[in-house]
Amino acid sequence: MAQVTLRKVVKAYDGGVQAVKGIDLDIADHEFVVLVGPSGCGKSTTLRMIAGLEEISDGEIAIGGRVVNDVPPRDRDIAMVFQNYALYPHMTVFDNMAFGLMLRKFDKAEIKRRVDNAARILEIGPLLERKPKALSGGQRQRVAMGRAIVRDPKVFLFDEPLSNLDAKLRVQMRTEIKKVHQTVRTTTIYVTHDQVEAMTLADRVVVMNGGIIEQVGPPQELYHNPKTRFVAGFIGSPAMNFIPGRLENGAGALRIHLPGDIVLPVPAERTDRYKALAGREILFGIRPEHLTEAKNLDRPHVAPMTATPEVTEPMGMETLVHFKIQGAEICGRVDPGASAHPGRPLPMAVDMSNMHILDPQSGRVL
Amino acid sequence: MSQGTLSSPVAPAVVSPQSTLRRLARRNSTVAFLLTLPLILLVLGLVVYPFFYALYLATLNKRMTRFIGWDNFTFLFGRQTFWDVVFQSVLFAVSAVVLKALIGFILAHVLHALPAKGQRKWRGMLLVPWVIPPAISTLAWWWLFDPSYSAFNWALMGIGVDPVPWLGTSGWARFSVILVNVWYGSPFFMIMYLAALKSVPDQLYEAAAIDGATGWQKLRFVTFPMMRNIISITVLFSLIVTFANFDIVRILTNGGPLDSTHVFATYAFQVGIQSGDIPLGATISLFMFPLLAVFAIFILRGVNRRNKEMA
Amino acid sequence: MSATAATSTYTPVERKQGSLKRERRWAMIGAYIALAVFVVFFMMPPFHMLMTSLKSSGEIADLSGNPWLVSAPTLQNYWELMTEGNYLIHFRNSIIVTACTVAITMVISTLAAFALARMKFWGSTTLATGVFLTYLVPETLLFIPMFQIIGGLGLYNNLWAMVLIFPTMTVPFCTWIMIGYFASIPKELDEAALIDGAGHLQMLWKIFIPVALPGILAAMIFAFTVSWAAFIYPIAFLVSSDQMVLTVGIVSDLIRADTFQWGKIMAGALMAALPPLLVYAFLMDYYIAGLTAGATKG
Ligand SMILES: Nc1ncnc2c1ncn2[C@@H]1O[C@H](COP(=O)(O)OP(=O)(O)OP(=O)(O)O)[C@@H](O)[C@H]1O
Ligand SMILES: [Mg+2]
């Protein structure tokens, strides 16, 4: 087991595409880190450079303190789980798991012990003699993980391991992966474009966009304190609402003026933070879950607001209401009992303690 | 750059990454070169070298003692036999390929129309001529064409037709060598077309039927366009193979009667090996090259187009 | 009135359906007739071969008998081939040459195809195209210079010359189709093997060859067929009977001056055709895949 360190890592493909534009990252021993971001942001490329499957154009990668830039994959002591599992079709499940050990000249008894152990952890004992073709998607997924576990490597690398599974199995295997990590405690780097996976699995989440790292942090921190508009919009579902507005200083308190004569007070405890911004154009960010039916209006940080929904989407335990404020699409989450109907004005409440103020130019959270 | 700082920074690397990477890449292509080396040697030593050697041979006199330039070529141009060989080679290749393509097309359609269960059995039988080595099966044809014991003539006499001099006169001999080539090669066309037919999705036919296409129109507007590439590639391949054919003519007629059935290969063999005029033989076989090169260019274009379509 | 109108509109529909069905039945009957005609045409020579091989020379010479049928079947022709003359030597020679050719072909083309399919290196695409072009060069274009080369090597009238030359007919094609088979193996499979610690040759041997086994089998069958059927090189380069392979040995030994021993020729030819026929019968799908892949894939 080991920590993984990336220093100013750059990947330029032959065509001149810079897929990764100089990223720094420190991953601690035993940590479960998830790389997340939209398609094409360079997640896979980063992972494959750590694995040694892609050459590193510039910068350094170290595993366990050793710089591995020129070390071939087999000597990096890593294991990888691929999106399509990449099980050897002509080998049984047992042989698939034993292959790496066999090439490393482990003796038979040790191979058997390790495979049996992994099979027990993953509950695939009865499948050991089958060929991959005779397995379901979830079982293949387990075998692919088993192949990684038996090697007892320093680092596990996962590249979207669940995206070939149906939704239900995906949730189940997600728990499974978490359980395995809690058992073996191997440093894990996991790539996904599914932010729910990222939030549920990760000790820390790395949000990537366009070949750079936007923000690194524990899931809760990314959720509550996103540093950029991209992270704020990417983490959380439905996504955060952004409404352009102005910050005004009036009657000793800060106020946010939104289009349509909506005025929202900034909570007293945040006044100091935003004082200097008074009079500026800002982007007001609020998550749908903090834009609810009118409730708790007696609390100091909750402000009233009226909106006329255009569309309502009952989800069961809540109802999503969509409305517009001067062209900006806004989404709120209200109680199903709140009788939200399209076209009928609905009194709502804004939880101002969870608001965000962003710089409309740079996209930074202020 | 945002980053967590949970661990100590890495010790600076000592080796320069660039040079080692280069070495790694170079090692990779060294391995690749070694793996392809036997192939390269084989192609260079036993295909490319003989080809240029043939060019060299063609410029020598009969006893290979003297450089005579184009004399072998001009000598051939002045010989009627040579022009007969050119004519017969083209006639042989074109008519055999047309017949093979036609028969193969019909058989493929007929087979395709059969229920899947019986198809395999019929296909198995229809492919037999193509499986027997032609040098072997032609012996059976030779025996069938025997002047006095011909089993065909026996059957013809049974229905009151005069015996046919299968290999005895120029016309019939030409017919016979083409017949045997068609017999041998039709199954290949059949199997290629069958594969192509199977690759046309059924929905296309169903869509065409709903659009009101008749059977002929389906063939014209669905089957043909979908199979065009395979048809052209198969035809070109077969043209090369048929044009360069040796076995059948050599065994059945050895060019006779009166050199009327010689094709390039058998004529080159007779002149070069049997009569010992190596340079002239080499010259004759080289005449195949321009024609084959044209076919090859067309094939390559077809292949590239296919690859592009599949990509 | 309405009832008659109903029936009059109803009947034609029924008749039309019936005619459609009948049409289809006729089409099927036509199909079977066409098939039968061609099966007869295609099977006639082998059948006649079999009949002749079972006849005594007396029955063959008898012009009054039916040449298509055998009245007193005998295995004498086969027996004589097995016990006297060089037939068995020819058979053995064919086996030696073919086995060596197949082995050499598979080694050369598997290694090369692996490199060309997976390692992009300088000139690799040119080489792949070159291989394909080589495949298009027929042996009838090269046999005369080859005659000189073989003579220069002192291999004239030597069986081993065939082992040297035959790969030129098999390797280009086998390499070409194997590049296709190897290229269709997902890239993640090599990456997994790379991470598992496999080197180049281990990857080839433990992953590529087993995964592409059907393709390799098809290529092997192709090499076998081509080598077994080769004719022009043996007839040009082999002159003494003990060096000959089947395709040339049968005729050269059984035709003395003007006496054609047709019974034995046919028996010998039939047995010579047997190995490919057996391979075909048992591995039909691989056989077809192997021999058609060149034109379908490229
Ligand atoms: N072999 C390659 N050659 C050139 N460009 C490449 C290559 N592989 C990837 N890229 C480019 O690099 C960028 C990053 O690719 P990468 O595969 O890392 O994305 P990703 O974040 O994994 O996306 P996804 O979620 O779709 O898997 C993309 O723009 C892609 O087009
Ligand atoms: Mg990816």
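Select R333(A) to begin: at 17% relative accessibility it counts as buried, where buried means under 20% relative accessible area, exposed means over 50%, and partly exposed lies in between (1.4 Å probe, protein chains only). The side chains of R333(A) and E289(A) meet in a salt bridge, 3.4 Å from N to O; a salt bridge is a side-chain nitrogen of Lys or Arg within 4 Å of a carboxyl oxygen of Asp or Glu. The pair links distant parts of the chain, 44 residues apart: R333(A) is in strand β19 (residues 328-334) of chain A, and E289(A) is in the loop between β14 (281-286) and β15 (291-293) of chain A. Helices (H or I, at least four residues) and strands (E, at least two) are DSSP runs, numbered from the N terminus.

Everything on this tour belongs to a predicted model, in which local features need pLDDT of at least 70 and side-chain atom pairs count only at pLDDT 80 or more, while totals for chains, interfaces and linings use all residues. Residues are numbered from 1 along each chain as its sequence is written, chains are lettered from A and ligands numbered from 1 in the order in which they are written, and side-chain values use heavy atoms, with hydrogens and water left out.

Side chains of opposite charge can pair when their charged atoms come close. How many salt bridges does the structure hold over all chains? There are 24.

Select R204(A) and E31(A) next. Their closest N and O atoms are 2.4 Å apart, and the two form a salt bridge. R204(A) lies in strand β9 (residues 204-209) of chain A and E31(A) in the loop between β2 (18-27) and β3 (32-36) of chain A, so the pair ties together parts that are 173 residues apart in sequence. R204(A) is buried at 9% relative accessibility, and E31(A) is buried at 7%.

Now show chain C together with chain A, and pick R151(A) and D196(C). A salt bridge joins their side chains at 3.5 Å, N to O. R151(A) lies in the loop between α4 (137-150) and β7 (155-159) of chain A and D196(C) in helix α9 (residues 187-196) of chain C, so the pair joins two chains. Are these residues buried or exposed? Both R151(A) and D196(C) are buried.

To see a network of salt bridges, select K11(A), R48(A), E54(A) and E191(C), which are linked in one.

**Helix α2 of chain A**

Select residues 93-103 of chain A. This is helix α2, which is mostly covered, with nine of its eleven residues buried. Among the buried residues are V93(A), F94(A), M97(A), F99(A) and L101(A). What covers them? The cover includes α3 (108-122) and α4 of chain A, together with α9 and α10 (200-211) of chain C. Just after α2(A), look at K105(A), which takes a positive phi of about 60 degrees.

**Backbone stops**

Go to S237(A) and P238(A). The peptide bond from S237(A) to P238(A) is cis, with omega near -5 degrees. P238(A) sits in the loop between α8 (229-234) and β11 (241-250) of chain A.

Then select S339(A), a residue other than glycine with a positive phi, near 45 degrees. S339(A) is in the loop between β19 and β20 (346-351) of chain A and counts as partly exposed at 46% relative accessibility.

Switch to chain B for L258(B). It is not a glycine, yet its phi is positive, at about 55 degrees. L258(B) is found in the loop between α11 (247-252) and α12 (264-274) of chain B, and it is exposed, with a relative accessible area of 80%.

**Chains B and C**

Show chains B and C together. Here 90 residues of chain C are in contact (heavy atoms within 4.5 Å) with 92 residues of chain B. The two chains bury about 8,100 Å² between them, 85% of it on carbon and sulfur atoms; buried area is the accessible area (1.4 Å probe) that two parts lose on being put together, summed over both. How many salt bridges does the rule find across this interface? It finds two. To look at a salt bridge between these chains, select R123(B) and D285(C), whose closest N and O atoms are 3.6 Å apart.

**Chain A as a whole**

Of the 366 residues of chain A, 55% count as buried. Among contacts in chain A between residues at least 6 apart in sequence, 66% join residues at least 24 apart.
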